[in-house]
Amino acid sequence: MHQYIKEIATHEGQQATLKGWVANIRESKTNIFIVLRDGTGFMQCVIGLDDVGEAQFEAAKRLSLESSLALTGNVIKDERQMGGYELQATALEVYSYSKDYPIKVNENEHGVRHLADRRHLWLRSKRQWAVMRVRNQIIMGIHEFFQNKGFVQMDAPIFTGNACEGTTTLFATDFFGEEAFLSQSGQLYGEAMAMAQGLIYTFGPTFRAEKSDTPRHLAEFWMIEPEMAFYDNEMNMDLIEGFIKHVINRVIEKCPVELEALERDVEKLKGVNQSFPRVPYTDAVKILRGEQDVNGRNAIAVQEADLAAAKQGIEDNLKDIAERETAIKAGMKKGARKFNEAKIAALRKEIAYMEEQVRNIPKWIESAKNFKGGEDFGGSDETVLTRVFDAPVMVYNWPTKIKAFYMKEVEGDPDHVKGVDLLAPEGYGEIVGGSERETDIDILLRKIKEHELPMSEFEWYLDLRRFGSVPHAGFGLGLERIVRWCCGLDHLRETIPFPRRYGRLLP
RNA sequence: GCCUCCAUAGCUCAGCUGGUUAGAGCGCCGGACUGUUAAUCCGUAGGUCCUAGGUUCAAGUCCUAGUGGGGGCGCCA
């Protein structure tokens with residue numbers, strides 16, 4: 001029987017055995033300090049020559065990053081340590097020595113390709129450990145929210161015969177000689193189940209064959225799609241808001257250690273506790289173009305300020321670097337020199353990032369200023385728009401022509417449909433897309449034709465309107481996108497254990 | 001598919017307007033140190049400067065093409 005780091009506080013002053021891997025190691029003549037990780041957490045363990053004897057101390061000296069071992073010793077309270085405790089070992093048993101582990105303690109010292117090629121090992125590093133724990137709590141929060149409200153979880157099929165939003169984005173497979181596609185949405189099946197159960201949600205993998213090589217796209221991702229009978233779009237938006245609040249607050253409550261490891265600004269996440277602004281599409285267009293201010297903030301002005309700040313920042317950093325370099329050349333103590341060299345490297349990284357901004361922001365401003373009403377927002381438009389808000393924003397009543405066939409038209413305004421997109425703050429973009437569904441079979445028939453979809457594939461779906469059609473609504477949430485936002489990550493590739501995206505099938 | 005930036009040691013990078021034997025930090029290996037927090041200190045090893053052409057007295061540095069990668073856009077959750 002051994003103990004886990006997460007519960008080590010209950011063993012204060014007692015003997016405990018921990019089993020895990022070496023996450024970091026430092027040694028002096030008579031003490032070896034190991035940061036042990038066991039999956040539940042990280043904890044410093046001290047191996048003293050006098051405590052374990054010469055033979056075991058020699059064995060411990062051969063340990064290096066990611067060696068595996070069991071350590072037995074006394075649990076001592078020590079406020080200086082992360083977690084507040086330390087293990088003073090009296091015995092150790094090495095399971096396996098590890099040599100030349102290819103990932104450094106600080107993963108930021110690697111390029112993204114080096115890490116992606118070693119994803120199976122990268123998952124062990126502290127940041128990735130934290131991300132996967134946050135992901136786990138988000139998943140728990142999703143189930144908790146819906147189950148508490150009486151929703152029934154359903155599994156939609158992965159093999160599908162119908163292409164509900166066009167075939168170019170579908171992965172085709174051979175299904176006993178017939179062409180079948182990997183599912184890109186469980187929604188239509190969800191609608192069928194909602195007519196049986198009332199309130200349901202699907203939670204499963206989704207596949208998109210888009211060659212989208214961006215930070216917000218994966219070829220395989222997980223989607224949550226609730227569907228509610230007798231809901232209109234207002235109720236849909238209420239549900240979305242309550243749902244996001246619940247999930248984010250759960251992570252804040254359950255994952256303080258993880259969010260700290262990720263250096264996530266929790267105050268920004270707490271912005272979800274404000275009520276979410278609800279903006280009709282036509283107003284969102286005005287805000288985007290800079291024709292309408294929000295809370296005294298102008299979308300275009302915010303971008304221009306960002307651009308100016310980036311330009312100024314580059315100049316400041318260059319000046320700072322030059323000053324430090326001349327100071328180093330003039331001569332300084334080794335410690336001070338190293339500090340300054342590290343600082344210069346950091347300043348250069350900042351410059352590289354700001355240079356990207358200087359290249360990109362003018363394009364974003366152009367795109368926003370010249371945005372044509374009636375079109376869909378692009379990635380940069382979403383960023384520009386959300387920067388004027390502190391909370392997630394819901395944009396609703398979208399142009400009919402850019403949305404899917406099943407969305408219900410706004411009464412007396414056939415050019416707009418009752419769709420809603422939730423845009424996350426801080427530039428994380430769209431994380432939820434939903435709508436009230438069309439209930440009128442004649443309108444659906446017309447739209448399926450207009451979208452040039454194969455009518456035969458939708459016969460079963462039309463039955464839902466033939467037999468007891470009711471108002472209903474639903475939405476889809478991309479799991480990885482909310483993980484990304486929650487963890488404050490640059491890219492979706494870190495939000496899922498083994499990402500499948502354009503150009504990446506291994507490991 | 002388009003735009004843009006980049007490719008130098010195991011890793012992350014520096015190498016200014018071309019100019020003798022190509023540098024640093026980390027890692028590895030050896031040594032020092034009674035408690036370290038990305039430990040520190042001393043030392044050793046480690047490089048066909050992505051590939052193929054070209055310009056030049058001289059190319060890591062300039063030009064052309066190719067290959068590979070980062071970022072942005074499109075498509076979307």
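Rings of Phe, Tyr and Trp (for Trp, its six-membered ring) are taken as a pair if their centres lie within 6.5 Å, and planes under 30 degrees apart count as stacked, those over 60 as edge-to-face and the rest as tilted. The views below show a predicted model, in which local features need a pLDDT of at least 70 and side-chain atom pairs count only at pLDDT 80 or more, while totals for chains, interfaces and linings use all residues. Residues are numbered from 1 along each chain as its sequence is written, chains are lettered from A and ligands numbered from 1 in the order in which they are written, and side-chain values use heavy atoms, with hydrogens and water left out.

View 1. Over the whole structure, the search finds 19 aromatic pairs. One of them joins F377 and W398 edge-to-face, with 5.4 Å from centre to centre and 70° between the planes. Because F377 lies in the loop between α11 (334-369) and α12 (379-386) and W398 in strand β13 (residues 393-399), this pair ties together parts that are 21 residues apart in sequence. Here helices (H or I, at least four residues) and strands (E, at least two) are DSSP runs, numbered from the N terminus. Buried stands for under 20% relative accessible area and exposed for over 50%, with partly exposed in between (1.4 Å probe, protein chains only); by this criterion F377 is buried at 8% and W398 is buried at 2%. F405 and Y461 form another edge-to-face pair, at 6.1 Å centre to centre and 75° between the planes. This second pair links distant parts of the chain, since F405 is in the loop between β13 and β14 (409-410) and Y461 in helix α14 (residues 459-466), 56 residues apart. Both F405 and Y461 are buried.

View 2. A charge is said to sit over a ring if NZ of Lys or CZ of Arg is within 6 Å of the ring centre and within 35 degrees of the ring normal. K403 places its charged end over the ring of W398, 4.3 Å from the centre, and R62 lies over the face of Y97, at 4.2 Å from the ring centre. Elsewhere, F145, F146, F151, Y201, F243 and F475 are linked by ring pairs into a cluster.

View 3. Five strands close into a barrel in the order β1-β2-β3-β5-β4, with mixed pairing, where two strands pair if DSSP finds at least two bridges between them. On average, neighbouring strands of this sheet are turned by 55° against each other, direction ignored. Strands β2 (residues 31-37) and β3 (residues 42-48) run antiparallel and are joined by seven bridges, with L36 opposite M43 in β3. Helix α1 (residues 49-61) lies across β1 (15-27), β2, β3 and β5 (85-96), and runs at about 40° to β5. Axes are lines fitted to C-alpha atoms, for helices over the stretch in contact, and angles run from 0 to 180 degrees between N-to-C directions; contact itself means heavy atoms within 4.5 Å.

**View 4. Strand β11 and its two partners.** Eight of the 10 residues of strand β11 (residues 220-229) are buried, so this strand is largely enclosed by the rest of the structure. Strand β10 (residues 199-207) runs antiparallel to β11 and is joined to it by nine bridges, G204 having M223 in β11 as its bridge partner. Strand β17 (residues 472-478) pairs with β11, also in the antiparallel sense, over five bridges, and I224 has L477 in β17 as its bridge partner.

**View 5. Helix α5 and its cover.** In helix α5 (residues 187-197), the buried residues are Q187, L188, Y189, G190, E191 and A194. Their cover includes β6 (152-154), β7 (159-160), β10, β11, α14 and β17. G198, with a positive phi near 90°, follows α5.

**View 6. Two residues with positive phi in loops.** D100 is not a glycine, yet has a positive phi of about 55°; D100 is found in the loop between β5 and α2 (112-117) and is exposed, with a relative accessible area of 73%. F176, in the loop between β8 (172-175) and β9 (178-182), likewise has a positive phi, near 50°, and is exposed at 78% relative accessible area.

**View 7. Domains 1 and 2.** Chain A is divided into domain 1 (5-96), domain 2 (107-277 + 442-507) and domain 3 (278-371), with bounds that come from an automatic or database domain assignment. The centres of domain 1 and domain 2, taken over C-alpha atoms, are separated by 40 Å, and nine residues of domain 1 are in contact with four residues of domain 2.
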